[in-house]
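Please keep the 3D view open as you read.

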Amino acid sequence: MVGTVLDLDLPAPALTAQLCDLASPSGKEGPLADAVEAALRTAGHLTVDRDGDTVVARTALGRPSRVVLAGHLDTVPVAGNLPTRLADGVLWGRGTVDMKGGVAVALRLAAHVPTPSSDVTYVFYDNEEVEADRNGLGRVARQHPAWLAADFAVLMEPSSAAVEGGCNGTLRVAVELTGIAAHSARSWMGRNAIHAAGPVLQRLAEYQPATVAVDGLDYREGLNAVGISGGIAGNVIPDRCEVTVNYRFAPAKTEAQALDHVRQVFDGYDVRLLDTAPGARPGLDRPVAAAFVAAVGGQPRAKVGWTDVARFDALGVPAVNYGPGDPQLAHADDERVDIAEIEVCETRLRAWLAG
Ligand SMILES: [Zn+2]
């Protein structure tokens, strides 16, 4: 079967439509990765590498600095919203927002900016929309960290063409309560573990989450119960209860510091760590990041929610989100993007890369 041939000379909105119409839900990025790799290999100024369904292309001009433009190739499952359709300057369909508009812009820049002022590494990766251990960017970071070495990274996730810096970290703990089981007809023989959760919930209800400024952006924290379990039958005093708590913490804290904080909040209780992911500092104090913000314009804001910028931060590469599309429309059945926003992103990034 002959694969799709991408035309990187198409205007970015039309290329976005072509990318979306080649559906690529997570785990099925192969044909799209093949097409991306083939298109990039025709550009003589790029070195192209591939790992699984992740394609990495870079310039090697010997510039003093290097930047990354990255985007994931996968989407959430199609929901009857392909093929794309264009109406009144709006492109509708799966992937138009998250995030093939950004991928189209990156592909166009890769093909058409042969002599950028910084060297550029373009990363197109698989499996972002699924469990973290399948993430193609994470895999490349583990197996080929040199491919991602850079001074600054732009993740082209939808941000309505505004710069969104860094992200909060996240961790979950279980607060464990114990009691003594008994028949509920003789409840005085036992001690109720669910009742023991009351003061834990009270501490959560009274908790005042902080807003923390990091590198000039404000990160709003949150500490919340996200689950509670206990009880084995309708006539048994429960001897166990567990409250699951999620802490979203500003990137001023490490994961260890965040866990310390949660342990302090629940001082006197058994706290068990379930999982954790670090935040990412926006790094906007670095000259290379400041130059980016100056070039694309607008007021940077803190990213709400964890994103793959944290994977770059873990490699020592400050990263921001910047891309076309309203993030609130990502994954929606009526996913759609203003094609003017795609063009704005391309124009601004092209000016930035030209230096
Ligand atoms: Zn995305």
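In which sense do strand β11 and strand β12 pair, and over how many bridges? In this predicted model, β11 (residues 211-214) and β12 (residues 217-220) run antiparallel to each other, joined over 4 bridges. Look for Val214, which stands opposite Leu217 in β12. The hairpin leaves 2 residues between its strands, and Asp215 adopts a positive phi near 50° there.

**The open sheet**

Now turn to an open sheet of 8 strands with mixed pairing, ordered β1-β2-β6-β3-β7-β18-β8-β17. Its edges are β1 (47-51) and β17 (301-302), each of which pairs on one side only.

| Helix | Strands touched | Angle between directions |
|---|---|---|
| α2 (residues 30-41) | β1, β2 (54-58) and β6 (119-125) | about 165° with β1 |
| α3 | β3 (66-72) and β6 | about 140° with β6 |

**Helix against helix**

Helix α3 also has a helical partner. Its axis and that of helix α9 (residues 339-354) come within 10 Å and cross at roughly 35°. The crossing of α3 past α9 is right-handed. From α3, the residues Gly101, Val105, Arg108, Leu109 and His112 meet Ile342, Cys345, Glu346, Leu349, Arg350 and Leu353 of α9.

**The nonpolar cores**

Which members of the largest nonpolar core touch the most other members? They are Leu40, Leu107, Tyr122 and Phe292, in a core of 60 residues. Helix α3 (residues 100-112) gives the most to this core, contributing 7 residues. Domain 1 (12-167 + 280-354) and domain 2 (169-277) both supply residues, so this core lies between them. Apart from it there is another core of 21 residues, including Val175, Phe249, Val265 and Val271.

Setting aside its neighbours within four places in sequence, Leu107 is in contact with Leu6, Leu8, Leu15, Leu19, Val36, Leu40 and Phe124.

Definitions and conventions: Residues numbered from 1 in each chain as written. Predicted model: local features only at pLDDT ≥ 70, side-chain atom pairs only at ≥ 80, totals over all residues. Heavy atoms only, no water. Core = buried A, V, L, I, M, F, W, Y, C linked by side-chain atoms within 4.5 Å. Buried < 20%, exposed > 50% of the residue type's maximum accessible area, 1.4 Å probe, protein only. Domains from an automatic or database assignment. Contact = heavy atoms within 4.5 Å. Pairing = 2+ DSSP bridges. Axes fitted to C-alpha atoms, helices over the stretch in contact; angles between N-to-C directions. Left-handed = near helix turned anticlockwise from the far one by under 90°.
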